[in-house]
Amino acid sequence: MILLNCPNCGPRNVQEFRFGGEHNPRPAAPLAVDNAEWTDYLFLKANKLGVQKEWWYHRAGCRLWFLAERHTQSNQVLKTYCWTARPNREGETCVE
Amino acid sequence: MLNNALYRLEPQAGETIDRAQTFTFTFEGRAVIAHPGDTIASALAAAGVHVISRSFKYHRPRGVMCMAGHCPNCLVQVGDEPNVRACQTPAEPDMVVKPQNVWPSLKKDAMAFTGLFSRFMPVGFYYKTFIRPQAMWPLFERILRRIAGLGKVNPATPPDRYDKQYLHTDVAVVGGGPAGLSAALAAAEQGATVSLFDENPQPGGHWRYALPAPDDGPLPDLAAQAEAHPGITVYPETTVLSCYEDNWLSARRGNRLFKIRAGAVIFATGAYDRPLIFDNDELPGVRFGGAAQRLLRLYGVQPGKRAIVVTANDGGWRIAAGLQAAGVSVVAVVDERPESEAGAVSHVLQADARVFWRHTIRAARGAGAVEGADIAPLDAQVRPQFIAGDLIVINIGLTPANGLLYQAQTKISYNEDRAEFLPETLPAGVFAAGRVAGSHAGATELAEGRLAGRQAAAFLGLAPAPPSAEITALAGQKAAGPKRSSARVDVPGSQKRFVCFCEDVTDKDLETAIAEGFDSIELLKRYSTISMGPCQGKMCAANTIHLCARHTGQSVAQTGTTTARPPLAPVSLGVLAGQNMEPVKRTALDAWHRANGAGMMVAGLWMRPEHYGNPPAEVQAVRERVGLIDVSTLGKLQLTGPGAPDFLDRIYVNKWQKLGVGRVRYGVMCNDEGVVMNDGVTARLSETTWYTTTTSSGAGAIFEWMQWWLQSGWGGEVHVTNISEVNAAFNLAGPRARAVLQKLTDADLLNEAFPYMHVRHLTLAGVACMVMRIGFTGELSYEIHCPTGAAHYVWERLLDAGRDFGIAPFGVEAQRILRLEKAHIIVGQDTDALSDPISADMAWAVKLDKADFLGQRPLRQVAQDGPAQRLVGFTMARPGLVPDEGLQIVRPTAAGPEIIGWVTSSRHSPTLNQTIGLCWLPAPLAGQPGATFTIRMNGKLEEARVHHGPFYDPQGDRLRI
């Protein structure tokens, strides 16, 4: 079981978290994109071998959704950070 | 009673048994005498019982071989527990021990004849034999179940108690031998907290039983030092089962599972004896050097009376000397080395001991147990000579216990010089020391342990890193030492030669499997089942690689190894499961429901009253008088902030900006595929405060879903709080609901003051409540949300107030009927992972013209194309017939019945006295009220009719009274 560094709470067992899937931004204007782009957003995952940017949720903790960069082969987590600039307990912002 | 004095020695220094006390247990019905500290196997050995069990496939007699918990040859049944390792399990008074795989008895086993027919039971026997004819499969199954399997499980056995413990430590040391202990001490001296795990009753490793080598020097009492060090916690009798990422280990002690997070891990797991493949290589009386020494030193038991020692290193000679000192007659020492390569050891033997240089064993001989051995020179085609004896000690080399190192992703390679698989590159934070890393002499083991301890401390930033010169010097010291393992894995022969003792796989089986094309090591494993038995490859994996390499013409390195997976040692499922910790959620009224005759049902994590005895009567109470249901399980979310309507607009298909304060609206939530995720009502309590309910099962997921959108860009000026458990909720429903409620409050409840789809803060019986006038049941109804702490009080006041009006509590089943009479859908029951709200008859809720919302793009498409399938109501033509939910709707065609839809909900309506339901139908058919279609029930097609709108009170007048 890997350790995951919650930007708010620090390193915790991965059991405390929910995996949220690949970082896959929603098109800003869904009605303006073509079908291929929309299908890509909805259904096509990159399923990357290598460092993947992905969502995690600290379900059994502070309830923060945050981003992690994890190597999908070694399972090594290179870094974790927030989507928005918000201060953590020490008052530091946790964006990338 | 079996005499335990036959093989028991005078007290030995360092023995673990307490001779002051004796007790008995039974083995196959006979009493066996034992001392506290004895294992089942040591007590049996003391009594001269050398055959303990029979083998899995051929039912050959088997006895204690490794005495270290590695081989499968001593698996016994203890009481109700099968597959107990006799060599590791302490003997206890009155224990009932039985051999396994025997019928009718150990001595006369009926299945042993399978050995005679073994030529008809080749590798892959099961895949090849029990195939045709298919009609025989039930018979085959009966036969196979009789033959196969290890031990017997008694289904009536009461469950044992199990638990789990979490440990956190700077350094975890696995293995309490000399290397592990010195590593623990070195790390602790640098200030690290250290946890040391050892599977034996006391730490000390092979120093507890092995006779010291001359260059070992005096042995310090490291175990006592470690016990005394405040920074070290020793966990004896604890087997580490697995190693996962970020140094996460699991270990077992008795019925407890440890989960361990360590900053650094030092594997000092030692090594175990390597078997040699020869004829009858598992005949009882063939024991490894480690087993002979353990029996002698730990339990004061002679492993035999006349010993033939087969070796390839100086350790074998020390064992011979030890046996001799314990009164065992050493008949012969058979060393495959030339005399020139051996240390100065031969002089220690008795005068009549025969010494064979450059010789090895060819066969064990004897009926049921060893009576002697065939000895032959290594390289000459000479007829072997027979030497009589009752003990054959095999001490030809060691297999490093590297299973956990493999799991830790260590790169391990075959070292030709030392004929062993040794670690090459260790991952960060993982260290290896001692015999698992190739150290052989005591001084090297200690030095390597200390080095690993300091390296672990340095990795954690507690100490400076040891100089690299020291590391290089130690590597040189290890390489220069005498070779402890032979590269030879087998000798020529003609009879049964087992590579795998667990599943009775012979070298011939492996050769056949490779010839049949299973020539990669992973395929060979799966096909032959080698390394898949209780020993998990400890006995066979290394030898299999060598044999596979030889038969495929590859090097050992090219052949590779099979993947090492957890658990390292067998573990009972109870240990992994731990306590029964399945969470159950109960509402504040749970006790009331049970005390009042509720039949409870499981709804997600919740327990809910399904009924109070008579659902149709509960329906009638709501329709004609008034009913009360506990809906505390609803998800309840509070949204605050001026951004709330914008956020609601994005995640619901409905519009929210113009919902006035004090109003309530039903909402549907979709994802970006346009699929219905959840539904519920939302009330605007003030300009900036909103209150949303979700389905009971969806509460947690919807909160997380909302949080995700809030925290990834849609979070302007709105905050969502999950108050599902903060508030309890009840629905007071029925034509007399207003009259009941009025008895608890002075507030004006008349239709004009508190109309349908409005919300009010009311004080009910002195408790501040939030009350929504909504109508899932189709009657005048009030959904009352009050603090959970006051729930029981308010509930009872409502029942008191309703007594004169004929109030009755109603359960989930009555509610399901009531809502179906109104054709109200239940998300997840009537919708699935492909249902959009337009097709599900809720197009009125979907506001395609508003700004961007989840599901807008696909729902526009559905609106444009029109739904393909629609959710509609139906009634049955034949009275009294209620189709099961999930049944298929089929259309008869010339080519046979065609599935065109399915039933999602169906009930007998007590109000209308007819069958009603909801179903999915092709849109053209669904669009014609009264059109008929057929449902397949028990093979027959039953006629049903399309129905549009609610079955009961279609105009909704009763909601608005």
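Student: What pLDDT does chain B average in this predicted model?
Tutor: Chain B averages a pLDDT of 92, and 95% of its residues score at least 70. The scale is the predictor's confidence in each residue, from 0 to 100. The model also scores ipTM 0.94 and pTM 0.85.

Student: What does helix 19 of chain B lie across?
Tutor: Helix 19 of chain B lies across strand 3, strand 4 and strand 5 (65-71) of chain A, and runs at about 85° to strand 5 of chain A.

Student: Which sheet of chain A is that, and what makes it open?
Tutor: Four strands of chain A form an open sheet in the order 3-4-5-6, with antiparallel pairing. Strand 3 (18-22) and strand 6 (77-82) of chain A are at the edges with a single partner strand each, so one side of each has no neighbour in the sheet. Neighbouring strands of this sheet are turned by 30° against each other on average, direction ignored.

Student: How do you know that strand 3 and strand 4 of chain A pair?
Tutor: Pairing requires at least two bridges. Strand 3 of chain A and strand 4 (residues 51-57) of chain A have three bridges, in the antiparallel sense, so by the cut-off they pair. A:E22 stands opposite A:E54 in strand 4 of chain A.

Student: What pattern does chain A follow along the sequence?
Tutor: Chain A has one helix and six strands, and the pattern reads β-β-β-α-β-β-β. Buried residues make up 18% of the 96 residues in chain A.

Student: Is A:N75 buried, exposed or in between, and what makes A:N75 so?
Tutor: Buried needs 20 or more other C-beta atoms within 10 Å, and exposed needs 12 or fewer. A:N75 has 14, so A:N75 is partly exposed. A:N75 is in the loop between strand 5 and strand 6 of chain A. Although A:N75 is not a glycine, its phi is positive, about 70°.

Student: Why does B:A823 count as buried?
Tutor: The cut-off for buried is 20 or more. B:A823 has 23 C-beta neighbours inside 10 Å, so B:A823 counts as buried. B:A823 is in the loop between helix 22 (812-821) and helix 23 of chain B. The phi of B:A823 is near 55°, a positive value in a residue other than glycine.

Student: How do you know that strand 16 and strand 17 of chain B pair?
Tutor: At least two bridges are needed. Strand 16 (residues 306-311) and strand 17 (residues 329-335) of chain B have six bridges, in the parallel sense, so by the cut-off they pair. One bridge partner is B:V330 in strand 17 of chain B, which goes with B:A307.

Student: Which strands stand at the edges of the open sheet of five strands in chain B?
Tutor: The order is 15-22-16-17-18. Strand 15 (286-288) and strand 18 (354-357) of chain B stand at the edges, each with a single partner strand, so one side of each lacks a neighbour in the sheet.

Student: Where is the cis peptide bond?
Tutor: The cis peptide bond joins B:P566 and B:P567, with omega about -5°. B:P567 lies in the loop between helix 14 (556-559) and helix 15 (573-577) of chain B.

Terms used: Residues are numbered from 1 along each chain as its sequence is written. Chains are lettered from A and ligands numbered from 1 in the order in which they are written. This is a predicted model: local features need pLDDT of at least 70, side-chain atom pairs count only at pLDDT 80 or more; totals for chains, interfaces and linings use all residues. Helices (H or I, at least four residues) and strands (E, at least two) are DSSP runs, numbered from the N terminus. Axes are lines fitted to C-alpha atoms, for helices over the stretch in contact, and angles run from 0 to 180 degrees between N-to-C directions. Two residues are in contact if their C-beta atoms, placed from the backbone, lie within 7 Å.
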